[in-house]
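Hi,

Here is the structure I promised to pass on, with my notes below it. Have a look at the model first and then read on.

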Amino acid sequence: MTFERFTVKARRVVVAAQEQARQLNHGHIGTEHLLLGLLDVPDGTAAQVLHQLGYDKETAQADIAAAVEPGTKELSGHIPFAGRAKKVLELALREAQQLHHSDIGTEHILLALVREGEGVGAKVLAERITPVSKIRAAVLASVEGAQDTTAGPWPNGTPATEDTLSTAGALAGGAPVGSHHLLEAMLRAENSMAARVLRELGVDPDAVAAKIDELDPETTTDANPEEAAARKMELRLVDDEVHVILRDPATVAAAKKVTELSGGPIPGVGPVAGLFVPVWRSADQLLQQIQRTLEPEPEEDDGSAASKVAKAVRTVLTPRLRR
């Protein structure tokens, strides 16, 4: 999972959630850790809303301790997200899109946590804040520009619809969801009516994928500058160097100007190193995500909605990555 569109505070929530899981010796980051992570960022909109509703970190810790037992082994290194936590982060993107926000903030994670509904995080909130819909109302009242929002929540859908939308969001990555993402997601949704109809009509998912890669979305209403730039990117390993290549004209022009001003290549030394950190972090997350796609963890195939989405994404991406 990538976090390019997450705000600084939202990324702090994710880091805090991992630390909460580590402190509790839990082998996965769950929705309960995301809730604690939200409250660990007190200047975030989510924490402020929860405080307004009378819910604080101490209360959350007590509620979670009553619902989930701590682990017995100390953990080190990367802690993976549990299925429900992954779904929350995917839903956070959809919440941001519905509010016409370009970035994913703590408020979107909170809305997604409540919307997911089945995780420990949502359940402990529902027990304390009645009705739990107060949270959405409070978030919308606190978010600047929410009163201008015309799009309402996505209507309730079948499990196949939820899987399709989650898969489409995962395929889009950090870019807006396009109709081509929805088309591939529909074809890959297991046992869905849409997939059955299309296949009985002779529509081959692999042929559709090949045609999507062949056509240029810039000539359609699905065009967006982020995906256009991303389609011109490439990642290469040259000896002991990782080369991230960007070919879109705007970035090339900016690089030429910077190179002229600096007099040559810009090494990541001194204060410049800090400027390079977001680039390194994004590249590292991208490599980890691709590795998980090509070498999925065994526990991901547990039959949950999140594992179905992960399987569909692997089916779509693996042939492209191994060309």
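Why is α2 largely enclosed by the rest of the structure? Nine of the nine residues of α2 are buried, so the rest of the structure largely encloses this helix. Buried here means under 20% relative accessible area, exposed means over 50%, and partly exposed is in between, with a 1.4 Å probe and protein chains only.

Before the rest, a word on how to read this. This is a predicted model, so local features need pLDDT of at least 70 and side-chain atom pairs count only at pLDDT 80 or more, while totals for chains, interfaces and linings use all residues. Residues are numbered from 1 along each chain as its sequence is written, and side-chain values use heavy atoms, with hydrogens and water left out.

The overall picture: the chain has 16 helices and two strands. Helices (H or I, at least four residues) and strands (E, at least two) are DSSP runs, numbered from the N terminus. Of the 323 residues in the chain, 37% are buried. Among contacts (heavy atoms within 4.5 Å) with a separation of 6 or more, 61% are between residues 24 or more positions apart.

Back to α2. Its buried residues are T31, E32, H33, L34, L35, L36, G37, L38 and L39. The cover over them includes α1 (8-23), α3, α4, α5 (83-98), α6 and α7.

Helix α7 (residues 120-128) has G121, A122, V124 and L125 as its buried residues. Seen down the α7 axis, these fall within an arc of 170 degrees, so they line one face of the helix; the arc is that of the directions from the helix axis to the C-beta atoms. They pack against α2 (31-39), α3 (45-52), α4 (57-67), α6 (106-116) and α8 (133-142). In the loop between α7 and α8 you'll find P131, and the peptide bond from T130 to P131 is cis, with omega near -10 degrees.

Next, a helix pair. The axes of α10 (residues 179-188) and α11 (residues 193-200) come within 7 Å and cross at roughly 90 degrees. That makes α10 and α11 roughly perpendicular to each other. Axes are lines fitted to C-alpha atoms, for helices over the stretch in contact, and angles run from 0 to 180 degrees between N-to-C directions. Angles under 35 degrees count as roughly parallel, over 145 as roughly antiparallel, 65 to 115 as roughly perpendicular and the rest as oblique. On the α10 side, M186, L187 and R188 meet A194, A195, L198 and R199 of α11.

Which residues does R320 touch, leaving aside its neighbours within four places in sequence? They are E184, A209 and D213. R320 sits in helix α16 (residues 305-321), and its side chain makes a polar contact with the side chain of E184 at 2.8 Å. A polar contact is a pair of N or O atoms within 3.5 Å; within protein, one must be able to donate a hydrogen and the other to accept it, and residues adjacent in sequence count only if both atoms are side-chain atoms.

N25, in the loop between α1 and α2, has a positive phi of about 60 degrees although it is not a glycine. N25 is partly exposed, at 22% relative accessible area. D239 is not a glycine either, yet has a positive phi of about 55 degrees. D239 lies in the loop between β1 (234-238) and β2 (241-245) and counts as exposed, at 70% relative accessibility.

Cheers
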